[in-house]
Amino acid sequence: LPVPGDYAASCVGRERLLRYLSEAHGTPGRILRLNYAIDMRYGVLHDIARKVLDGTPVDVTMGHVNVIWQGDANAIALRCLAHCATPTEPLNLTGPETTSTRALAHAFAERLGTTATIVGEEAPTALLSDATRCSELFGPPTVDLETMVAWQADWLARSLPTLSKPTSFEVRDGSF
């Protein structure tokens with residue numbers, strides 16, 4: 001069984017191996033650190049909106065997140081082919097802003113005509129990425145946070161299909 005923290009350790013190991021092989025063989029590459037890609041059927045925004053719509057408490061201990069529209073993430077990933085380096089270097093791929101989990105819950109409640117039930121208190125740390133370099137290379141995402149929130153609320157309000165797989169973004173001990 002996985003030990004808490006195994007996923008993070010595997011990510012570090014993967015990056016180190018890719019960098020080593022890139023350097024050893026002179027192979028250009030780009031390591032993408034993606035968090036969190038949004039699709040109307042799945043993702044952090046879906047998780048929060050679903051809880052608000054269902055009247056389930058939203059735990060705000062993971063107090064802040066970065067998100068990016070999946071289409072923007074895909075486009076940037078492809079555009080990275082023109083920005084490979086030897087040795088390969090990481091690039092944080094996410095939206096440019098850090099947003100509050102609590103604020104997202106309240107925004108969804110307003111759009112869905114309900115009240116968000118909030119539990120927990122924001123921890124002093126969160127899994128966040130600085131996408132400044134990504135924005136410098138490729139400009140801002142084409143779909144902004146406000147649009148993603150509106151789309152997500154509308155999707156769930158109309159009972160459109162979902163993948164029914166929580167992201168577990170709020171897990172803080174590395175155990176998924």
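Predicted model: local features only at pLDDT ≥ 70, side-chain atom pairs only at ≥ 80, totals over all residues.

Modeller: Start with helix α2 (residues 44–54) and helix α6 (residues 145–157), whose axes come within 10 Å and cross at roughly 45°. Helices here are DSSP runs (H or I, at least four residues), numbered from the N terminus. Axes are lines fitted to C-alpha atoms over the stretch in contact, with angles from 0 to 180 degrees between N-to-C directions.

Residues are numbered from 1 along each chain as its sequence is written, and side-chain values use heavy atoms, without hydrogens or water.

Now the residues. From α2, Leu45, His46, Ala49, Arg50 and Leu53 meet Leu145, Met148, Val149, Gln152 and Leu156 of α6; contact means heavy atoms within 4.5 Å. Seven of the residues in this contact are nonpolar, two polar and one charged.

Look at Leu45. Beyond neighbours within four places in sequence, Leu45 contacts Ile38, Val67, Leu104, Phe108, Leu145, Met148, Val149 and Gln152.

α6 also meets α4. The axes of α4 and α6 come within 10 Å and cross at roughly 50°. α4 and α6 are therefore oblique to each other. Among the α4 residues that meet α6 are Leu104 and Phe108. The contact of α4 with α6 divides into nine nonpolar residues, one polar and two charged.

Key. Helix = DSSP H or I, 4+ residues; strand = E, 2+ residues; numbered from the N terminus. Nonpolar A, V, L, I, M, F, W, Y, C, P; charged D, E, K, R; others polar. Parallel < 35°, antiparallel > 145°, perpendicular 65-115°, else oblique.
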